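Colleague: I am new to this structure and would like to learn how to read its features one by one. Could you take me through them slowly?

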Amino acid sequence: MAAGAHILTNVIRRAGGKGVIATVTVSRPSKLNSLNSQLLALLAQKMNNISQENPGLLAVILTGSGPKSFIGGADITEMAALESPAAAREFITKVHAACRSIRDCPVPVIGRINGYALGAGLEIAASCDFRIGSRNAIFGMPEVNVGIPSVVEAALLPGLIGWGRTRRLLLLGDNISAIEALQWGLVEKVVEPDRLDHAVEEWVQLLERSGPQAVRRQKKLIREWEQLGLDEGIAAGIPAFEESFEKDGEGPRMLSNFLKRR
């Protein structure tokens, strides 16, 4: 492991027994939190296990250490030292595994974008369920500038921002500001740096008032919609709805409580 490179986890139990929120921080601030092989493996391992390790988990907040960078990309030094196509395949597969671990996490993952989100960092951000950006955040896919294409979870970008804007990022290697990212739909919210944690907390509170199993079912269903055609995606919702009405399920209880409050 490179000196000063860690995946940090902070777990907070919410008041009133509302569950657990975990913050996962990529910490390599001397290198803009860039991801080398060890960090990629640790991030994938952490995200794959975090739900089992934390019963009652409601959401994960994913961020980078310090105010300057979310994740500045994949480690350029390590990539420059790759000696063969096989080594390149092994490295990029680790990037994909880290991204997939975020997408497969059974609870919502909130990307707290606190600075540079470049290359693999933007792919990590795109893998989150939603993203809040600091006003000083910078987004880009500069791979073509160093002789390689943007790959793996860069394939998520057209669904977020459309094909034309994806081509601008990937073919021109151009960076965009947080405000432009908001206008494009690359992030869902932009706030001043000192309001970033407050904005994340607002979303966490919205998740707290929802049924935790319903949220998990909804995320699972959204992932299925990404894979299925329209008719199949519509059909996949029927068993998801049915499961909510299992004995002692959230559906009947929360619907009844809603009617009582009215």
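Predicted model: local features only at pLDDT ≥ 70, side-chain atom pairs only at ≥ 80, totals over all residues.

Colleague: What is the phi of valine 152?

Modeller: Valine 152 has a positive phi of about 35°, although it is not a glycine. With a relative accessible area of 29%, valine 152 is partly exposed, because that class covers values between 20% and 50%. Asparagine 33 also has a positive phi in a residue other than glycine, here near 60°, and this asparagine lies in the loop between strand 2 (20–27) and helix 1 (37–53).

Colleague: Is asparagine 33 buried or exposed?

Modeller: Asparagine 33 counts as buried, since its relative accessibility is 0%.

Colleague: How should I read the sheet, and in which order do its strands stand?

Modeller: The general idea is that strands of a sheet pair through backbone hydrogen bonds, either parallel or antiparallel. In this model, 4 strands form an open sheet with mixed pairing, and their order is 4-6-8-9. Strand 4 (69–71) and strand 9 (175–177) stand at the edges with a single partner strand each, so one side of each has no neighbour in the sheet. On average, and with direction ignored, neighbouring strands of this sheet are turned by 20° against each other.

Colleague: How many bridges join strand 6 to strand 8?

Modeller: There are 3 bridges between strand 6 (residues 116–118) and strand 8 (residues 138–140), and these two strands run parallel.

Colleague: How do I read an aromatic pair, and how many are found in the whole structure?

Modeller: A pair of aromatic rings is described by the distance of the centres and the angle of the planes. A search of the whole structure finds 2 aromatic pairs. In one of them, phenylalanine 130 and tryptophan 203 have ring centres 5.1 Å apart and planes at 65°, so the pair is edge-to-face. Since phenylalanine 130 lies in strand 7 and tryptophan 203 in helix 8 (residues 196–208), the pair ties together parts that are 73 residues apart in sequence. Tryptophan 203 is buried, with a relative accessible area of 17%, whereas phenylalanine 130 counts as partly exposed at 25%.

Colleague: What is the angle between the planes of phenylalanine 241 and phenylalanine 245?

Modeller: The planes of phenylalanine 241 and phenylalanine 245 are at 45°, with 5.1 Å from centre to centre, and this pair is tilted. Phenylalanine 241 counts as exposed at 57% relative accessibility, while phenylalanine 245 is partly exposed at 39%.

Colleague: Let us turn to the pockets; how much space lies in the largest pocket?

Modeller: The largest pocket holds about 650 Å³ of space. Its lining has 28 residues, of which Ala74, Ile76, Met79, Glu143 and Ile148 are the closest to the centre. By type, the lining of the largest pocket divides into 17 nonpolar, 6 polar and 5 charged residues.

Colleague: Which helix gives the largest share of the lining of the second largest pocket?

Modeller: Helix 9 does, with 6 residues. The second largest pocket, with about 380 Å³ of space, is lined by 19 residues, and those nearest its centre are Cys128, Asp129, Phe130, Ile222 and Glu226. Its lining divides into 10 nonpolar, 3 polar and 6 charged residues.

Notes
Residues numbered from 1 in each chain as written. Heavy atoms only, no water. Pairing = 2+ DSSP bridges. Axes fitted to C-alpha atoms, helices over the stretch in contact; angles between N-to-C directions. 1 Å grid on protein atoms, 1.4 Å probe; cavity = no way out; pocket = protein on both sides within 12 Å on 5 of 7 lines; lining within 4 Å. Points joined across faces, edges and corners; volume = space filled by probe spheres on them. Nonpolar A, V, L, I, M, F, W, Y, C, P; charged D, E, K, R; others polar. Phe/Tyr/Trp six-rings, centres within 6.5 Å; stacked < 30°, edge-to-face > 60°. Buried < 20%, exposed > 50% of the residue type's maximum accessible area, 1.4 Å probe, protein only.
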